[in-house]
Amino acid sequence: MSNILLEGYTTDEILNLPAELMQSIILSDEALVFKAGSANMLGRFCVSGDTLILELAHVDGGGEGALPALASLAKRYAQREGLQFLEWRVHAVHCARPNLKLRRVLERRGFVVRELPDVGECFWLRSAVNTYRVGNA
C-alpha cells in the first residue's frame, strides 16, 4: 500500500505540500480527477468543522490498494490537523456497470447506503479518526 502513488506523489510528499496549496487544490470542495495507483478517480475533498469529507463519484480500475492508500493519507492528514472524523461518501449505489467487488468491500467495512441532503444516495461511513482502520476500504 505504501508504494501506491497519488498523481505521482507519495503520501509523505502530499502531506508535505504547503498548506495553501493543499487548501486551494485538494481541499477546495471542487471536483478533482486524479490517479491513485492504476485507478482513475473523480472526487472532492473538504474539511467541515472537525471532519474531513471524502466524496468519490467515480472509481475506474485499481485493485492494487488505491482506496486503502487514499484512506491512509486521509487518516494521517486528519490526525495531523487535529480533526476528529473521516466521512466517506461513495457514489456507487446506482452505477450503469456496478463494481461488485467495491460494493462488497464497502459493505464489509461498515459503509451503509444513505440519502444525504444535497448529495443524494451514496455509500456512507463516518468514523472517528483515532479508531479508523485503514485496510481494504
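Guide: At 44% relative accessibility, Arg-80 counts as partly exposed. This is a predicted model, in which local features need pLDDT of at least 70 and side-chain atom pairs count only at pLDDT 80 or more, while totals for chains, interfaces and linings use all residues. Residues are numbered from 1 along each chain as its sequence is written, and side-chain values use heavy atoms, with hydrogens and water left out.

Visitor: Why is Arg-80 called partly exposed?

Guide: Buried means under 20% relative accessible area and exposed means over 50%, with partly exposed in between (1.4 Å probe, protein chains only), so the 44% of Arg-80 falls in the partly exposed class.

Visitor: What makes the contact of Arg-80 and Glu-81 a salt bridge?

Guide: The term requires a side-chain nitrogen of Lys or Arg within 4 Å of a carboxyl oxygen of Asp or Glu; the N to O distance here is 2.9 Å, and therefore the pair qualifies.

Visitor: Why are Arg-89 and Glu-55 called buried?

Guide: Arg-89 has a relative accessible area of 15% and Glu-55 one of 8%, so both are under 20%.
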